[in-house]
Amino acid sequence: MMNSGGSNNMMSSASAASGSNAQGPGLKTYFKTPEGKYKLQYEKTHPAGLLHYAHGKTVTQVTLAHLKDKPMQASSQSSSSLGVSSGVRSAAARFLGGSNGSRALSFVGGNGGSKPVTGSSTRIGSLGASSSNNVVGNPNFDGKGTYLVFNVGDAIFVSDLTSQDKDPIKSVHFSNSNPVCHAYDPDAKDGHDLLIGLHSGDVYSVSLRQQLQDVGKKLVGAQHYNKDGSINNSRCTCIAWIPNGDGSFVVSHADGNMYVYEKFKDGSGDPSFPVIKDQTQFSVSHARYSKNPVARWHICQGSVNGIAFSSDGTYLATVGRDGYLRVFDYKNEQLICGGKSYYGALLCCAWSMDGKYILTGGEDDLVQVWSMDDRKIVAWGEGHNSWVSGVAFDSYWVAPNTDGIGENIVYRFGSVGQDTQLLLWDLDLGELVVPVRRPPGGSPTFSTGSQSSHWDSACPVGTLQPSPSMRDVPKLSPLVAHRVHTEPLSGLLFTQESVLTVCREGHIKIWMRPGLGESQTSNSDSLMSTSLKDKSSGKVGGGSSYKQ
């Protein structure tokens, strides 16, 4: 069950410097891992204000955005025409989302590969508040630095990640609908690098630097897509830049469709996509004219809850209300494989950086580890007591006493849920206890080793597999389980220096890795959270009323 007791972490700007006083009762300011302590360094939130009328109805995402050096020509341009660098990799790590996002969590990449930065999505609640700081509004402000972009209620907030100031330095408010998802592209060749999707289905692309330079609370220099839901009026659920996509991005919706846009084309829509004949079947339709959106993918019946690209953009993973993970060859528009959750909807997904594994989480309280080589679930993580709302690989973690060359690569990943807990896991396929197929009339036996040596050969391309039996899948136990917020969590991000957790109320906590941030001391009464609640293999569902 989710724990929503305790004090609200919301703080006014006047009390923003109170530091760890924002901690709710019973919350600890550090947790231990084999490599050392992760310490709560500081927090980010939105200004205190009246609850928005739609409070609790939107899910917050957080995106990490790294602004590079200001383009040389920008100094001679007006603020309305400033260029920003933004490519096709969703840069920053959200989780979302999801989120939860773009090319599946770059900061959330998996071990065993390079560590490009990409976007990812996460989720949270809704509060309307206005904020604007004296840091913005300076036309000479170059914006260089790392920022957190997050949505709460009818606003998008931007905070400086490296500053200890709790309050955001910028807010942008929407009058027509609430923002629900976003993605950032750090390598844009020109123009817009930030995407924003609304509850109404509307989509905007903007320059993040241009927003920071403007003193107002409205979007400036925005390109508007799917205006007033002209193409699709269902809620945006996830948005992502296509890695190596030359300015292309995708937006998924609550009706099971995903649309492909090209930011350099006209934003006005072409509503003439054919009627979907079979809502249960995957299909792709292309626009008849050279306008946005350029294509429609019908993914599933019911909402697409999360999308994530592999780091090279070859594959796209989606999770949906119907409980299925689907993996597509994006360029060839082909369904490759997929499988069903143990129970209920899937809410979030993330790729390892080497593209070998996919994490999913959802309403069965489990974290699934899916192998692309075997096209099967190779492990279930048991440890959450409610729905899993965010998953991510930690691409910056290196296993102790290893040189990374060994045959068995250990993957570190994290998950957060509506039980208010952050769980960290180590995946070592060489140590998994793998159930072996039982012969006819025989009894089950077990062995250790690679999953692929014990399962049947991979299924045909395009096959969606049913949920495996609980007794047929190896179980993982969490390395760490720590209650980090008083409210249900919506996402997490990994950076080189820290782990970021975010709750649905819009409060973000930055946990510094062992050996970093030693100048920040923990409260003397801080203790490690050690209670891991055992869960029987038959337990499913979190009983939580909060839905994504």
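Contact here means heavy atoms within 4.5 Å. In this predicted model, and leaving aside neighbours within four places in sequence, Phe413 is in contact with Leu359, Val367, Val369, Ala392, Phe393, Asp394, Leu423, Leu424, Trp425, Leu427, Leu476 and Phe494. Phe413 also belongs to the largest nonpolar core, a set of 20 residues in which Val369, Phe413, Leu427 and Leu476 touch the most other members. At least two residues of this core come from each of strand 20 (346–351), strand 21 (357–362), strand 22 (366–371), strand 23 (376–382), strand 24 (388–393), strand 25 (410–417) and strand 26 (421–428). In soluble globular proteins, nonpolar side chains tend to be buried together.

Aromatic rings were examined next. The count of aromatic pairs comes to 20. In one of them, Tyr225 and Tyr261 are arranged edge-to-face, with 5.4 Å from centre to centre and 65° between the planes. This pair links distant parts of the chain, since Tyr225 lies in strand 10 (residues 223–225) and Tyr261 in strand 13 (residues 257–262), 36 residues apart. Tyr225 and Tyr261 are both buried. The rings of Phe393 and Phe413 have planes at 65° and centres 5.8 Å apart, and the pair is therefore edge-to-face. Here too distant parts of the chain are linked, with Phe393 in strand 24 and Phe413 in strand 25, 20 residues apart; both Phe393 and Phe413 are buried. Elsewhere, ring pairs join Phe282, Trp297, Phe309, Phe328 and Tyr330 into a cluster.

Charged groups also sit over aromatic rings. The charged end of Lys37 is placed over the ring of Tyr30, at 4.0 Å from its centre, and the charged end of Lys340 is placed over the ring of Tyr324, at 5.8 Å from its centre.

The surroundings of Tyr261 extend beyond its ring partner. Because its relative accessible area is 1%, under the 20% cut-off, Tyr261 counts as buried. Apart from its neighbours within four places in sequence, Tyr261 is in contact with Tyr225, Asn226, Gly247, Ser248, Phe249, Val251, Asn292 and Pro293. The C-alpha atoms of Tyr261 and Ile242 are 9.9 Å apart in space, while these residues are 19 residues apart in sequence. Two of the contacts of Tyr261, Asn292 and Pro293, are joined to each other by a cis peptide bond, with omega of about -10°. Pro293 lies in the loop between strand 14 (283–286) and strand 15 (295–298).

Backbone geometry was noted at two further loop positions. Asp246, although not a glycine, has a positive phi of about 55°, and its place is in the loop between strand 11 (236–241) and strand 12 (248–253). Thr420 likewise has a positive phi, of about 70°, and is not a glycine; Thr420 is found in the loop between strand 25 and strand 26. With a relative accessibility of 0%, under the 20% cut-off, Thr420 therefore counts as buried.

Contacts between loops were seen around His199 and Ser177. His199 is found in the loop between strand 8 and strand 9 (203–206), whereas Ser177 is found in the loop between strand 6 (170–173) and strand 7 (179–184). The C-alpha atoms of His199 and Ser177 lie 6.0 Å apart, and the residues are 22 residues apart in sequence. His199 is partly exposed, because its relative accessible area of 36% falls between the cut-offs of 20% and 50%, while Ser177 counts as buried at 9% relative accessibility. Neighbours within four places in sequence aside, His199 is in contact with Ser177, Asn178, Val180, Ser234, Arg235 and Cys236, and Ser177, with residues up to four places away in sequence not counted, touches Leu198, His199 and Ser200. Ser177 and Asp202, 25 residues apart along the chain, have C-alpha atoms separated by 8.5 Å.

The largest cavity holds about 40 Å³ of space, and its lining is made up of Ile156, Val158, Val172, Leu194, Ile196, Leu208, Gln211 and Leu219. Two or more residues of this lining are given by each of strand 5 (155–160), strand 8 (194–198) and helix 1 (208–213).

Terms used
Residues numbered from 1 in each chain as written. Predicted model: local features only at pLDDT ≥ 70, side-chain atom pairs only at ≥ 80, totals over all residues. Heavy atoms only, no water. Core = buried A, V, L, I, M, F, W, Y, C linked by side-chain atoms within 4.5 Å. Buried < 20%, exposed > 50% of the residue type's maximum accessible area, 1.4 Å probe, protein only. Helix = DSSP H or I, 4+ residues; strand = E, 2+ residues; numbered from the N terminus. Phe/Tyr/Trp six-rings, centres within 6.5 Å; stacked < 30°, edge-to-face > 60°. Lys NZ or Arg CZ within 6 Å of the ring centre and 35° of its normal. 1 Å grid on protein atoms, 1.4 Å probe; cavity = no way out; pocket = protein on both sides within 12 Å on 5 of 7 lines; lining within 4 Å. Points joined across faces, edges and corners; volume = space filled by probe spheres on them.
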